[in-house]
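Take a look at the fold below. Begin with the whole chain, then follow the strands into their sheet.

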Amino acid sequence: MNLSNNKITDCILIDISSIQNQSGNITVVENNKDIPFSIQRIYYLYDVPGGGERGGHAHYELEQYLIAASGSFDVILDDGINKKRIHLNRPNFALHIVPGLWRALDNFSSGSICMVLASHKYEEKDYIRDYNQYKELKKK
Ligand code: TYD
């Protein structure tokens, strides 16, 4: 399987539409409207211990929207050449991570929740978990 040559600049922070009023806000994500892929899976990360790191892998095909549903955390994107750290701290913003990007998450605030909208069901063979292998595949 070929690894996409997507770059960190292909990962965009999206301001998701929200309905705001004094009694609180609602943010809506509808397939084929607010998101450029069909959502096949939703999962969320929580109770990450202080100082903890998650991620540390890339995907061949999976694309994701990452949302700080509560609290905040950082996403470090790496395309094998450049790296970028993005702080997510609002539930109406999503970071679109395209296929072929190495990502790690850290700096989780206490009680934070990272919600992930994913384009595919879970498949371990879609993961690249070895950074050196990732760098080699990215050069091809
Ligand atoms: P992983 O995706 O590596 O977590 P993170 O990127 O947050 O560090 O997944 C951790 C473990 O959970 C791994 O053994 C695979 C399993 N897992 C599933 O079984 N289904 C899923 O949908 C996800 C996201 C993970």
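The paragraphs below go from overall composition to strand pairing.

This is a predicted model. The protein chain holds 12 strands and 1 helix.

Next, the overall dimensions. The C-alpha trace spans about 50 × 35 × 25 Å along its principal axes. The radius of gyration is 15 Å. A compact globule of 140 residues would come near 14 Å, so the chain agrees with that expectation.

Now the packing. Of the 140 residues, 44% are buried, meaning under 20% relative accessible area. Take the contacts between residues at least 6 apart in sequence: 79% of them join residues at least 24 apart.

The surface comes next. As for charge, the chain carries 16 positive and 17 negative side chains. The centres of these two sets lie 2 Å apart.

Then the sheet. Which strands form it, and in what order? The open sheet has 5 strands, ordered β8-β7-β10-β5-β12, with antiparallel pairing. Its edges are β8 (83-88) and β12 (127-128). Each has a single partner strand, so one side of each is left without a neighbour in the sheet.

Strand β7 covers residues 73-78 and runs antiparallel to β8. The two are joined by 6 bridges. Within this pair, F73 stands opposite L88 in β8.

Methods: Residues numbered from 1 in each chain as written. Predicted model: local features only at pLDDT ≥ 70, side-chain atom pairs only at ≥ 80, totals over all residues. Heavy atoms only, no water. Helix = DSSP H or I, 4+ residues; strand = E, 2+ residues; numbered from the N terminus. Rg over C-alpha atoms; globule rule 2.2 N^0.38 Å. Buried < 20%, exposed > 50% of the residue type's maximum accessible area, 1.4 Å probe, protein only. Contact = heavy atoms within 4.5 Å. Lys, Arg positive; Asp, Glu negative; His and termini not counted. Charge placed at Lys NZ, Arg CZ, Asp CG, Glu CD. Pairing = 2+ DSSP bridges.
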